[in-house]
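We will go stop by stop.

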Amino acid sequence: MPKSPIQHIFVINLKRSKARMQHYLKSPPSKLTGGKIPYTRFPAVDGSKLSDQVCDRMISMWSISKRHQQSKMGCFLSHLNLHKMIAKKRLNGVLIIEDDA
């Protein structure tokens, strides 16, 4: 099997969504990396805990509910935080997966 260009696999996962992370821990990514690279959990930002002040900074093209706005902002901040960490550590060959993928 050829060497995979993937060197790191991060799964964005809410702390309260343990079952979703278990799915990844039980099934190694053999098709992607030959099973040699484990999934690393990256803590997601829980949008339901964000203040209105934080959520109001994001503009949506459509009118959406407060809950949807919080979820959208939590998702955005989760990816932003992970990208910052990847850049800080200068990681290459990174695959990012959301726990509902």
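## The largest pocket

Start with the largest pocket: about 370 Å³ of space lies in it. This is a predicted model.

Select Leu14, Ala44, Val45, Ser71 and Cys75. Of the 20 residues that line the largest pocket, these lie nearest its centre. Two elements each give two or more residues to this lining: β1 (8–13) and α4. The largest share belongs to α4, with seven residues.

Now colour the lining by class. Five residues are nonpolar, eight are polar and seven are charged.

## Helix α4

Next, select residues 66–89, which form helix α4. How far apart are its end C-alpha atoms? They are 34 Å apart. At 1.5 Å a residue, the 24 residues of α4 should span 34 Å, so the two values agree.

Which residues of α4 are buried? Select these:

- Gln69, Gln70 and Met73 are among them.
- Gly74, Leu77 and Ser78 are also among them.
- Leu82, Met85 and Ile86 complete the set.

Keep those side chains on display and look at what they face. The buried residues of α4 pack against strands β1 and β2 (39–43). They also pack against helix α3 (52–55) and strand β3 (94–98).

Step off the end of the helix. Arg90 follows α4, and its phi is positive, near 55°.

## A stop at Gln69

Go back into α4 and centre on Gln69. Is Gln69 buried or exposed? Its relative accessibility is 11%, so Gln69 counts as buried. The cut-off for buried is under 20%.

Which residues does Gln69 touch, leaving aside those up to four places away in sequence? Select Cys55, Met58, Ser60 and Ile64 to see them.

## The whole chain

Zoom out and switch to a cartoon view. The protein chain has four helices and three strands. Trace the chain along the sequence and the pattern reads β-α-α-β-α-α-β.

Now think about contacts. Take those between residues at least 6 apart in sequence: 69% of them join residues at least 24 apart.

Finish with the surface. The protein chain exposes about 7,400 Å², and carbon and sulfur atoms supply 57% of that area. How much of the chain is buried? Of its 101 residues, 33% count as buried.

Methods: Residues numbered from 1 in each chain as written. Predicted model: local features only at pLDDT ≥ 70, side-chain atom pairs only at ≥ 80, totals over all residues. Heavy atoms only, no water. Buried < 20%, exposed > 50% of the residue type's maximum accessible area, 1.4 Å probe, protein only. Contact = heavy atoms within 4.5 Å. Areas by Shrake-Rupley, 256 points an atom, 1.4 Å probe, with all protein chains shown as cover. 1 Å grid on protein atoms, 1.4 Å probe; cavity = no way out; pocket = protein on both sides within 12 Å on 5 of 7 lines; lining within 4 Å. Points joined across faces, edges and corners; volume = space filled by probe spheres on them. Nonpolar A, V, L, I, M, F, W, Y, C, P; charged D, E, K, R; others polar. Expected span 1.5 Å × (residues − 1).
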